[in-house]
Amino acid sequence: MTLATVLPVLWFGVIGFGVLMYVLLDGFVLGIGILAPFAEDEHQLDHMMNTAAPIWDGNETWLVLGGAGLLAAFPKAYALLLSTLYLPVLLMLVALIFRGVAFEFRFKATRAKPAWGAAFALGSMFTAFAQGVILGALVEGMPLNGGKYLHGTFGWFSPFSMLTGIALVFGYALLGSTWLILKTEQRMQLIARTLTRPLVLVVVAFMGLVSAWLPFLDSRIMARWFEGGHFWWLAPVPLLALANAFALWRAAMREGRDAAPFILTLSFFVLGFVGLVLGIWPNIIPPTMSIWDAASAPSSQLFLGVGIVFLLPAILGYTYWSYRVFSGKVASDSGYH
Amino acid sequence: MDALLLSRIQFGFVISFHILFPAFTIGLASWLAFVEWRWLRTRDDLWRDVYFFWLKIFAVSFGMGVVSGIVMSFQFGTNWAVLSERAGNILGPLLSYEVLTAFFLEATFLGVMLFGWKRVSDGLHFFATCMVALGTLISTFWIISANSWMQTPQGYTLVNGIFEPASWWAIVFNPSFPYRLAHMVLAAFITTCFVVGGASAWYLRRGVHVEAATRMLKLAVAFAAITVPLQIAVGDAHGLEVGKYQPTKLAAIEGHWRDEGAGDGMPLVLFGVPDQLQERNAYEVAVPRLGSVILTHSWNGSVRPLTAVPASERPPVAPVFYAFRVMVGLGVLMLVLSFASLWAWRRGTLGHSRWVLRGWNWMIPSGFVALLSGWYVNEIGRQPYVVYGLLRTSDAVSPNITAAAVWSSLIVYAVVYAIIFGSGIWYILKLFRVGPVRQPPKDTQGGEKTPARPLSMPDEHVDTHADGTQGARA
C-alpha cells in the first residue's frame, strides 16, 4: 500500500462528498426555481425565493469545489469530462448565471420583475437538466482509444442521457417542494405538500427506469451488481431506497412534522447516490479511466488533502451556523419590511 | 478561425468581464468593514446609512462576480484540457485552496451580511462583514499565486510533459507573486476608492446627500493620496521583476526592438506605432536614456531587446505597448487628481471646487480601465506561452473541441453577458441615483421572522427616488 494507491481512494471519497453536498444543497434551491411556475403570484415567488436567499450562494460553492477539486486530484478526468461535454457544460453554466443573478436582480427590478422570475425558473430547470445529462453521459461512459475520446461534439446525446436529464429536474423539484414544506406555512406550505406526493411517484418511477436501463449500457457500470455474489451485500441499498420512498410518501401530507419530508428526501438522494457511486467505482470515468489512471501526483493530493482535513470541518461548522441563524419558518411578508 | 483562436478570444472575453467585479468587490468589502466599524464605534447613523447604501451595490456586484466566476472554474477544462492535464497537478490545488479558504467564507458570511442584520448582534454582523472582506483578500492571494506561477514557474519537475510539484513553498511563493499580489490588491482598492470618491463628487455637484458625500470624498482623497504613489512604486518594482524573469515582455512594453550603441543607454519610447513585421516603431517619440534610468535605475543600462529572440518567441507587441501606456497614463491622472484634491482640501474648497469634483466624477471608470489594461499587459505580454517558457498556448487547447462548438459558446457568452452585465450595471446605476438614504432603526424593521433584506425592499424600488432626496422610506 503506497501513497499512490491510497490517496486516490480518499480523494474519490472527498470529490464524491463534495458532489453529494452540491446535489443536496443546491438541489433544493434549484428545486424552488423548478417549482416557481406553481407560485400563484409574484408575492408568493418572493416568499419561495426568500427561503433560500441567504444561503444559496454557499450551496452553489460546492459545485466550484467539485470542479476545482477534480482538477487538483484527477486532472485527466477533469480535462476529459469537461471538454467532451462541452455543450451540456455550457448550458449548465449559462443557466446557472441566469438563476444566480435572478436572486439579486428580481428584487431590484420593477417592470422587469416577471422577466427575472422567468430567468430564475428557466435557469433552474436547465441547470438541473444539463446536470442530469452530464451525469447520464458519465454513466454511459466515454470510450477512449490511446487517451483520445472516440465520439464527437454530440457524443453525450442519447436517449439515456435525455432520460437522466429529465429525471434530475423532477428529483430537484422534490427536494424543493419538501424544503418549502419545512420553511413555509399555510397556503404556501399546502401548495408544496400537494406537489410532493406526485413528485415522489414520478421520481421513484424515473429511478426504477434508470436502474433497469443501467445493465444494458455499454459501460456496464452496474455489471458488478450482478457478478460474483455482489448482489447480496449490495441489495440493501435499493431496498432501503424503496422503504425510504414509502416513508416519504406517508410523511408528505402529515401535519405537524414539517421537517420529515425534507429529511427523507435527503436520505433518498443519499441512497441513490451511494448506489450510483458503487456502480462507477473504481472508475472515475467509465468504462476504462480508473481513479488511479486519472490521479494527480501524490504530492498534489497530499498537499490539498492536509488542507481538506482542517478546512472541511470548519466550512461545515460555519455553514451549519448560518443555517441556524436563518432557521425557522420564513414569513410570507419577508423582504417587505 | 480555428478552435484555438476562438478559445483564446473566449477566455479573454469571459475573464475580462469577470475581473471587473472581483476587482471592485475586493475594495468594497474592506470599505464596508471600515464603515461598519466606524458606525459601531461612533453610533453615528450616517455611517449606517452609508453602509447600507454600499452594501446594496456590493450585493449586485458580488452576485455578478460569483456567476461569471463559475464560468472561469470550468473554462480550463472545457477549452484548455491540455493545460489542465499538464499543469493540473499545480494549478488544481491552488484553485482548490481558493475555494476552501475563501469562496465558502465569502458566500456563507455574505448571507449573514445581507440578511442577518436583525438576526445577529451588531458585533457578530460586523464580524460577518470582516469575514467577507478577509475572504476576498484570501481569494486574491491564491488566484494571483496561480497566475504568477504560470508567469514565473518554479518548484516543479517535468515528468512525461506533466508538471509535478517538487516544492509547494517555491510554487506558491514564486518570484513574481509578491509584486503581482501587491499590485493587484492596491489596484482593487484604488478602483473602489475612485468609485466611492467619484460617486460622492457627483452628489456634491448636484447638492444631494451632502453630509455623507463630503465625508466619503475626504476619505477617498486621503486614501488615494497614499495608495496611488505607493502603487506607482510597487509598479516600478514589478517592472524590474518582469525585466529579470520575462525580459521579452518588458521589451514589448517598452517597444524596444534592438540595442542602442554601447554606452548610449536606452531611450524611453513615449509613443509610437509598433510594427511587428518590420521590427520597429513608426512615428516614435522617445526620450534618450530615460529608459535606462527607469528600467535599470542606471544611466547606461539596457534590457534585452525583442530581436534577441526569434519572432516566434515574441508576443504581439502593439496591444502590450498601448495597454501599458493607458495604464500608466491613468495612474498619472490619478496622482494629479489626488494631489490637486489634497491642495483643495487644505484650502477648504474641496466640497465645492468645480474642477476637482468634475475630475473625480470623470475618473469613476479610471480604476477599471487601468486594471484591465494592466492585465492585458500581463497576459498578452506572456504570449506565446501559457506556462512561461514551457508550455505554448497553442499546445494547451482541448484537442477534442471543434471550431463550431467554440463559435456557438462564444456567441452565447457574448449575448448572455451583454444581457446580464448590462442589466447589472443598470441596477447599480439606479442604486447610485437613490444614494445613501436614511435607514430606520433596527427595532422598527419588520417582524420577528423577517430576514431584513436591506437590498430588496419594494418601498425602496431604486427608480422611485431619482431626485436622491432623503427620507425615501414611506
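Trainee: Which residues does B:Pro247 touch, not counting residues up to four places away in sequence?

Mentor: Two residues are in contact if their C-beta atoms, placed from the backbone, lie within 7 Å. By that rule B:Pro247 touches B:Val303 and B:Arg304, with residues up to four places away in sequence left out of the count. B:Pro247 and B:Arg304 are 57 residues apart in sequence, and their C-alpha atoms are 6.0 Å apart in space. Please note that this is a predicted model, in which local features need pLDDT of at least 70 and side-chain atom pairs count only at pLDDT 80 or more, while totals for chains, interfaces and linings use all residues. Residues are numbered from 1 along each chain as its sequence is written, and chains are lettered from A and ligands numbered from 1 in the order in which they are written.

Trainee: In which helix does B:Pro247 lie?

Mentor: Helices (H or I, at least four residues) and strands (E, at least two) are DSSP runs, numbered from the N terminus. B:Pro247 lies in helix H8 of chain B, residues 247-254.

Trainee: How many C-beta neighbours does B:Pro247 have inside 10 Å?

Mentor: A residue is buried if 20 or more other C-beta atoms lie within 10 Å of its own, exposed if 12 or fewer, and partly exposed in between, with C-beta atoms placed from the backbone. B:Pro247 has 17 such neighbours and therefore counts as partly exposed. B:Ala344, in helix H10 (residues 317-346) of chain B, is also partly exposed, because 19 other C-beta atoms lie within 10 Å. B:Ala344 touches B:Thr349, B:Leu350, B:Ser353 and B:Val356, again not counting residues up to four places away in sequence.

Trainee: At what angle do the axes of helix H6 and helix H7 of chain A cross?

Mentor: Axes are lines fitted to C-alpha atoms, for helices over the stretch in contact, and angles run from 0 to 180 degrees between N-to-C directions. The axes of H6(A), residues 113-140, and H7(A), residues 159-183, come within 7 Å and cross at roughly 135 degrees. Angles under 35 degrees count as roughly parallel, over 145 as roughly antiparallel, 65 to 115 as roughly perpendicular and the rest as oblique. H6(A) and H7(A) are therefore oblique to each other.

Trainee: Is the crossing of H6(A) and H7(A) left-handed or right-handed?

Mentor: A crossing is left-handed if the near helix is turned anticlockwise from the far one by less than a right angle, and right-handed if clockwise. The crossing of H6(A) and H7(A) is right-handed. Among the residues making the contact are A:Met125 and A:Phe129 of H6(A), and A:Phe160 and A:Tyr172 of H7(A). For residue classes, Ala, Val, Leu, Ile, Met, Phe, Trp, Tyr, Cys and Pro count as nonpolar, Asp, Glu, Lys and Arg as charged, and the others, Gly among them, as polar. The contact of H6(A) with H7(A) has 13 nonpolar, 6 polar and 1 charged residues.

Trainee: How do H5(A) and H6(A) pack?

Mentor: The angle between them is about 150 degrees, with their axes 7 Å apart. H5(A) and H6(A) are therefore roughly antiparallel to each other, and their crossing is left-handed. By class, this contact has 17 nonpolar, 5 polar and 3 charged residues.

Trainee: How many residues of chain A are in contact with chain B?

Mentor: On the side of chain A there are 63 residues, in contact with 67 residues of chain B. H5(A) provides the largest share of the chain A side, 15 residues. That side divides into 38 nonpolar, 20 polar and 5 charged residues.

Trainee: How many bridges join strand E1 to strand E2 of chain B?

Mentor: Two strands pair if DSSP finds at least two bridges between them. Here 4 bridges join E1(B), residues 156-159, to E2(B), residues 162-165, and the strands run antiparallel. B:Leu158 has B:Phe163 of E2(B) as its bridge partner. The hairpin has 2 residues between the strands, and B:Asn160 takes a positive phi near 50 degrees.

Trainee: Which peptide bond at A:Pro282 is cis?

Mentor: Most residues other than glycine have a negative phi, and most peptide bonds are trans. The bond joining A:Trp281 and A:Pro282 is cis, with omega about -5 degrees. A cis peptide bond also joins A:Pro286 and A:Pro287, with omega about 5 degrees. As for phi, B:Tyr283 is not a glycine, yet has a positive value of about 50 degrees. B:Tyr283 is found in strand E4 of chain B and is exposed, with 7 other C-beta atoms within 10 Å.
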